[in-house]
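Here's a quick briefing to read with the model open beside you. It goes through the core, the strands and the chain contacts in turn.

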Amino acid sequence: MSKLKGYRRYHPGTQPDYDYPPYRSTAKRHPTQPLVLMPQTLSEITGPLFGFDDLKPTDNDLTRQHKGEPIGERIIVSGRVLDENSRAVPNTLIEIWQANAAGRYPHQADQHKAPLDPNFSGAGRTLTDAEGRYRFVSIRPGEYPWRNHYNAWRPAHIHFSLFGQAFLTRMVTQMYFPGDPLIPYDPMYTCIADENARQRLISSFDWETTIPEQALGYRFDIVLRGRDATPMER
Amino acid sequence: MSLYATGNQTVGPYLHIGLTWLVTRNIAPRGVPGERVTIQGRVIDGDGQGVNDAMIEIWQANAHGRYVHPEDTQKKPLQRAFRGFGRVPTDARGAFRFTTIKPGFVPGPGARQQAPHLVVSVFMRGLLKHLATRIYFPDEPANARDPFLRLVPEERRSTLVASRKREGVLEWNVILQGKDETVFFDF
């Protein structure tokens with residue numbers, strides 16, 4: 001076990017800082033001490049793996065989880081999960097959650113006066129296939145106000161949680177929709193310094209996955225940390 | 001071709017909607033060998049208030065010191081019922097509690113053994129990227145020579161070691177800011 005293939009460090013500017021004053025909740029919740037840089041060990045280059053036994057058939061179709069159909073514009077969200085070496089990440093668990101078409105979450109902390117939809121829970125999950133592909137069917141989430149600052153509105157977004165194959169590849173991100181006018185004003189979006197890295201959080205409209213008479217397709221590719229080129233002596 | 005990893009984003013206040021289905025408070029079901037232990041604590045913000053919308057995830061080896069993962073090629077036994085993964089949300093007071101078994105020793109830097117430990121990810125609203133930390137066990141002589149723990153500034157090491165509340169129950173807290181701020185890692 002002396003040679004482990006470690007993971008590359010995040011590229012500067014592509015990840016948010018913990019202390020980001022425009023997002024007010026970071027003030028009391030960011031570490032004030034610098035993170036301690038540590039060697040990667042077997043504990044971090046391994047991580048939990050999931051399989052089809054963990055999922056139900058309707059888990060990746062958020063429009064079929066109730067007796068009736070949810071209100072909203074049907075969408076197909078699909079893409080690939082790759083690593084930084086452009087290799088597919090197969091069989092990895094993706095969890096998503098989102099607001100309903102009116103911009104409301106079925107959650108006790110959401111007091112926004114928009115209607116709940118009894119036919120929409122807003123949660124999904126799936127595993128990537130051998131080529132790292134995934135696909136969800138859902139409805140386009142609504143924008144909604146939040147109390148971060150005066151007249152603050154979140155652009156439409158879908159939360160994504162991914163595991164990859166190691167503790168070090170764990171990632172939670174958010175996907176946005178192209179052309180949303182709220183995006184440049186959103187502290188969640190602007191917290192990432194690098195302009196290219198920011199823009200990669202915006203999905204692209206996709207004719208290929210759009211289903212005639214039924215649903216618009218959006219493509220969102222996700223890149224997880226990749227391996228270092230050479231194994232390191234540990 | 002080389003790509004850069006996608007940017008992380010906060011889980012936000014509604015994380016439970018997407019993540020609760022996989023809540024696992026008992027990491028080692030009955031029959032899994034090892035010393036059983038309950039670990040409880042709180043996630044505390046910079047005002048000393050409990051964080052009621054946090055979630056922690058745990059990853060650990062089994063009692064023999066083997067991870068259920070293809071890259072752990074040690075010749076040590078595995079158990080079918082043990083995945084080694086836990087996920088626990090905090091309650092209204094910011095408190096969490098889970099049960100598991102104490103893991104065995106696992107290989108560390110320089111071919112030295114690492115003392116028993118759990119690796120932990122911390123997620124919450126107001127945290128733009130999750131935090132990584134570890135839980136070590138109290139009264140464990142191997143902590144003193146643990147090759148990983150020794151790289152942490154000595155005066156802060158105790159934030160990574162749980163304390164014994166009573167037989168079989170340990171306490172370990174996530175302190176986000178200030179005196180006794182938990183050590184969080186960068187890898």
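What follows is a short tour, grouped by topic.

Keep in mind that this is a predicted model. The largest nonpolar core has 102 residues, and V122(B) and F123(B) touch the most other members. Strand β7 of chain B, residues 117-124, gives the most to that core, with six residues.

- β7(B) and β8(B) run antiparallel and are joined by six bridges.
- To find your place in that pairing, look at L118(B), whose bridge partner in β8(B) is I135(B).
- Strand β8 of chain B, residues 131-136, is mostly covered, with six of its six residues buried.
- In a regular strand, side chains alternate between the two faces of the sheet.
- From β8(B), L131(B), T133(B) and I135(B) point one way, while A132(B), R134(B) and Y136(B) point the other way, and all are buried.

**An open sheet in chain A**

- Four strands of chain A line up in the order β5-β4-β9-β10, with antiparallel pairing, as an open sheet.
- The edges of this chain A sheet are β5 (123-127) and β10 (171-176); each has a single partner strand, so one side of each is left without a neighbour in the sheet.
- On average, neighbouring strands of this sheet are turned by 20° against each other, direction ignored.
- Inside the sheet, β4 (residues 93-98) and β9 (residues 157-162) of chain A pair in the antiparallel sense over five bridges. Here Q98(A) stands opposite I158(A) in β9(A).

**Where the chains meet**

- How many residues of chain B are in contact with chain A? There are 59 of them, in contact with 67 residues of chain A.
- On the chain B side, α1 (15-19), β5 (106-107), β7 and β12 (185-186) each supply at least two of the residues that touch chain A.
- By class, that side of chain B has 30 nonpolar, 20 polar and nine charged residues.
- There's strand pairing between the chains too: β2 of chain A, residues 36-37, and β12(B) pair in the parallel sense over two bridges. V36(A) has F185(B) as its bridge partner in β12(B).

Key
Residues are numbered from 1 along each chain as its sequence is written. Chains are lettered from A and ligands numbered from 1 in the order in which they are written. This is a predicted model: local features need pLDDT of at least 70, side-chain atom pairs count only at pLDDT 80 or more; totals for chains, interfaces and linings use all residues. A nonpolar core is a set of buried Ala, Val, Leu, Ile, Met, Phe, Trp, Tyr and Cys residues joined through C-beta atoms within 7 Å. A residue is buried if 20 or more other C-beta atoms lie within 10 Å of its own, exposed if 12 or fewer, and partly exposed in between; C-beta atoms are placed from the backbone. Two strands pair if DSSP finds at least two bridges between them. Axes are lines fitted to C-alpha atoms, for helices over the stretch in contact, and angles run from 0 to 180 degrees between N-to-C directions. Two residues are in contact if their C-beta atoms, placed from the backbone, lie within 7 Å. Ala, Val, Leu, Ile, Met, Phe, Trp, Tyr, Cys and Pro count as nonpolar, Asp, Glu, Lys and Arg as charged, and the others, Gly among them, as polar.
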